[in-house]
Amino acid sequence: MEPLNRMATELVDEAIDFADELAIAVKQLDSEATVLDFGVGVPGGIEAGLMLAEIQTAGLATLDSTLGEINDTPRTHVELSTDYPGLALLGAQKAGWEVSVEGFEGLGSGPARALVAEEEEYARLGYQDDFEFAVLALEADTLPDDPVVSEVADRAGVPESGVFLPTYATASLTGSVAAAARAAELALFRLLELGYDPLDVLSASASAPVAPVAGEESTAMARTTDALAYGGQVHLVVSEPFDRFDEVVSTAGEAYDEPFEAIFESVEWAHEELGTALFGPAQVTVDVVGGDTRVYGQRREDLLAESFGL
């Protein structure tokens, strides 16, 4: 297989070529690094969000949008499927790189993380990327500048001119779409936390609704979390049984029974005070090859409707 960052760079090149059609903006910095505005100074869009999610998964996932319903009202949903769930979702898509440089704050996802490979996921996957370009998608409400580029280049071991930074705000249409594409990633990460070997997950498919775009980042974070914890559905095909598959789904409905804006407010937005079990998809079907099929959890359309104002 090609390096993850090579495959992501090819997608970035495609995004640059079709920037007008995607309604994104491209800027080259003095360092010769490239910043792609997917939803900070521009509104973002469905197609931009799907392209961003494809970049975040290094081209190892198929993404599409579909029209579903919540409480009998039509809502756009994002669908994702991959036969490389470990690499695509944990090795690339997971948001695991906190960037804090000279006043810039952002959360990084994408295959540049695999060049550093310091997170536990890479030891479990037995993978470290090796490529001269680094693609790091930044979730932030401002665009990165050269000090950010320097930090990324230094950690990833690439020249500054080889850094590509697709950037988007949570409170953008792109942000809502990219978040909805994370349902399967949440399931894989919960399995990793529970001790299951991610290499035993053979395929993953998922769907989640696109949350309405909020007017501020905090509300957007709450709504996009609702979309996953109360609306995310995942289908996994695995090679080995496990006695804790039922713990993959979010416990938010059982523990709080209210939208995440109220949950976050209850801890004064200190997310680290909340248990990780809250942050899973709403419903998961697990097929064990040669074994049983089990369904865990359920969608909560009532809480989605409350969160989304339907």
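In the hairpin of β5 and β6, which residue takes a positive phi, and how many residues are there between the strands?

A: E102 takes the positive phi, near 50°, and the hairpin has two residues between its strands. This is a predicted model, in which local features need pLDDT of at least 70 and side-chain atom pairs count only at pLDDT 80 or more, while totals for chains, interfaces and linings use all residues. Residues are numbered from 1 along each chain as its sequence is written, and side-chain values use heavy atoms, with hydrogens and water left out.

Strands β5 (residues 95-101) and β6 (residues 104-109) run antiparallel and are joined by six bridges. Strands are DSSP runs of E with at least two residues, helices are runs of H or I with at least four, and both are numbered from the N terminus. Two strands count as paired if DSSP finds at least two bridges between them. A95 has S109 in β6 as its bridge partner. β6 also pairs with strand β8 (residues 137-139), again in the antiparallel sense, over three bridges. There, G108 is bridged to L138 of β8.

A further set of strands forms an open sheet: six of them, in the order β3-β4-β10-β11-β12-β13, with mixed pairing. β3 (62-70) and β13 (293-297) are the edge strands; each has a single partner, so one side of each has no neighbour in the sheet. From one strand to the next the twist averages 15°. Within this sheet, β11 (residues 233-238) and β12 (residues 283-288) are parallel and share six bridges, with L236 bridged to V286 of β12.

Helices lie against the sheet. α9 touches β4, β10 (201-209) and β11, and its direction makes about 130° with that of β10; such angles run from 0 to 180 degrees between N-to-C directions, and axes are lines fitted to C-alpha atoms, for helices over the stretch in contact. Helix α3 (residues 46-56) lies across β3 and β4 (73-82), at about 130° to β3. The axes of α3 and α8 (residues 173-180) come within 8 Å and cross at roughly 45°. The two helices are therefore oblique to each other, a class for angles that are not under 35 degrees (roughly parallel), over 145 (roughly antiparallel) or 65 to 115 (roughly perpendicular). Residues of α3, including I46, L50 and Q56, meet L173, T174, V177 and A178 in α8; contact means heavy atoms within 4.5 Å.

The nonpolar core comes next. A core is a set of buried Ala, Val, Leu, Ile, Met, Phe, Trp, Tyr and Cys residues joined through side-chain atoms within 4.5 Å, and buried means under 20% relative accessible area with a 1.4 Å probe, protein chains only. The largest core has 64 residues, of which F38 and L236 touch the most other members. Helix α9 (residues 183-194) gives the most to this core, with seven residues. Another core, of 22 residues, lies apart from it and has L115, A140, V152 and V163 among its members.

L188 sits in α9 and is buried, with a relative accessible area of 0%. Leaving out residues up to four places away in sequence, L188 touches P85, L89, L90, P198, V201, A204 and L236.

Note on methods
Buried means under 20% relative accessible area, exposed over 50%, partly exposed in between (1.4 Å probe, protein chains only).
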